[in-house]
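Hello,

Here is the structure I promised to pass on to you. Have a look at it first, and then read on for what turned up.

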Amino acid sequence: MLFGASTFIWFSPFYTANIPLFEKVKGFGYDIVEIAVEDKTLIDWKLVKQACRDLDLKITISGAFGPERDISSTDPANRKIGRDYITDCIRIAAEMESPVFGGPLYSAVGKTRIVSEEQKRQERAWCIETLHEVSDIAKSEGVTLGLEPLNRFETDMVNTVDQALSIVREVSHSSLKIVLDTFHSNIEEKDIPASIRKIGKELLCHVQGNESDRGTPGTGHLEWEGIRDALKEIGYEGAVVIETFGQPSKELARAACIWRPLANSADELAEEGLRFYKELFM
Ligand code: LER
């Protein structure tokens with residue numbers, strides 16, 4: 001099992017001057033740094049690749065879906081921005097040799113409304129149409145797209161594994177799979193290990209192993225042994241990454257409802273979280 005830490009644990013947005021972070025991530029013992037792409041133009045991707053190569057650190061790429069990056073929006077301009085953003089991130093992932101690009105691909109984080117069934121059907125149709133298109137691009141770039149359910153406070157569109165499976169099956173494309181974030185699952189799933197088994201090896205492409213309060217893994221009330229056993233049982237071969245927020249931007253804090261520090265420090269969270277993962281998966 002490979003373990004990773006998201007740049008979100010320390011920074012938002014991540015930009016070129018933050019590259020020295022990689023040395024710390026490697027020093028803690030991580031195999032992967034997960035780079036959250038808030039603004040791709042702030043990042044010198046050649047330098048990122050070289051720095052990670054020098055450290056023998058792998059890269060995964062994750063999305064940050066602000067209000068305009070929304071492939072299910074009623075505003076066609078936002079649907080285009082969402083599609084372009086996903087396409088850019090697929091190309092970045094390919095360039096950084098990340099096997100996946102994951103996140104709530106279907107909508108903007110923090111978009112929670114009450115809308116008619118008819119509007120929901122229309123939004124889903126737009127979403128499915130674009131997921132088809134970007135899955136083709138992902139396939140040609142050799143990247144797997146991971147669609148991540150978010151909890152009810154962060155989206156009204158895909159909260160559960162069943163809803164994610166329904167979209168993924170409707171798109172029915174070999175390059176579209178599922179990312180499971182255990183923080184969101186803890187709020188929405190009745191039984192996380194059963195949900196992991198339900199997704200199965202074929203469709204689970206990435207795991208964000210976050211604690212029940214999004215603090216340090218191992219310090220909350222997630223049923224970690226059950227989660228580990230289910231991952232082993234399905235033969236999961238992807239990564240397990242911590243994605244939580246040390247210093248979220250105002251927009252991200254608002255969208256992901258982060259109102260207080262989630263650990264004593266980002267470094268402590270990353271170091272102790274990895275120690276816990278290693279003991280758990282030993
Ligand atoms: C995305 O991976 C996520 O988990 C959200 O809570 C915030 O972007």
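A cavity is found on a 1 Å grid over the protein atoms alone, as a set of points where a 1.4 Å probe fits but cannot get out. A molecule sits in a cavity if more than half of its atoms lie within 2 Å of its grid points. By that test, the ligand sits in the largest cavity.

Two notes on the numbers: this is a predicted model, in which local features need pLDDT of at least 70 and side-chain atom pairs count only at pLDDT 80 or more, while totals for chains, interfaces and linings use all residues. Residues are numbered from 1 along each chain as its sequence is written, and side-chain values use heavy atoms, with hydrogens and water left out.

A side-chain N or O atom of E154 is 2.5 Å from a ligand oxygen. For E148, a polar side-chain atom lies 2.8 Å from an oxygen atom of the ligand, and the side chain of H184 also places an N or O atom 2.8 Å from a ligand oxygen. The protein buries 98% of the 250 Å² that the ligand exposes when taken alone (Shrake-Rupley method, 1.4 Å probe).

How many disulfides (cysteine sulfur pairs within 2.5 Å) does the whole structure have? The search finds 0. The sulfur of C52 is too far for a bond, because the closest cysteine sulfur, in C89, is 16 Å away. C205 is in no disulfide either, with the sulfur of C89 nearest at 14 Å.

Happy exploring!

Key
A polar contact is a pair of N or O atoms within 3.5 Å; within protein, one must be able to donate a hydrogen and the other to accept it, and residues adjacent in sequence count only if both atoms are side-chain atoms. On a 1 Å grid over the protein atoms alone, a cavity is a set of points where a 1.4 Å probe fits but cannot get out, and a pocket is an open set with protein on both sides within 12 Å along at least five of seven lines; lining residues have an atom within 4 Å of a point. A disulfide is a pair of cysteine sulfur atoms within 2.5 Å.
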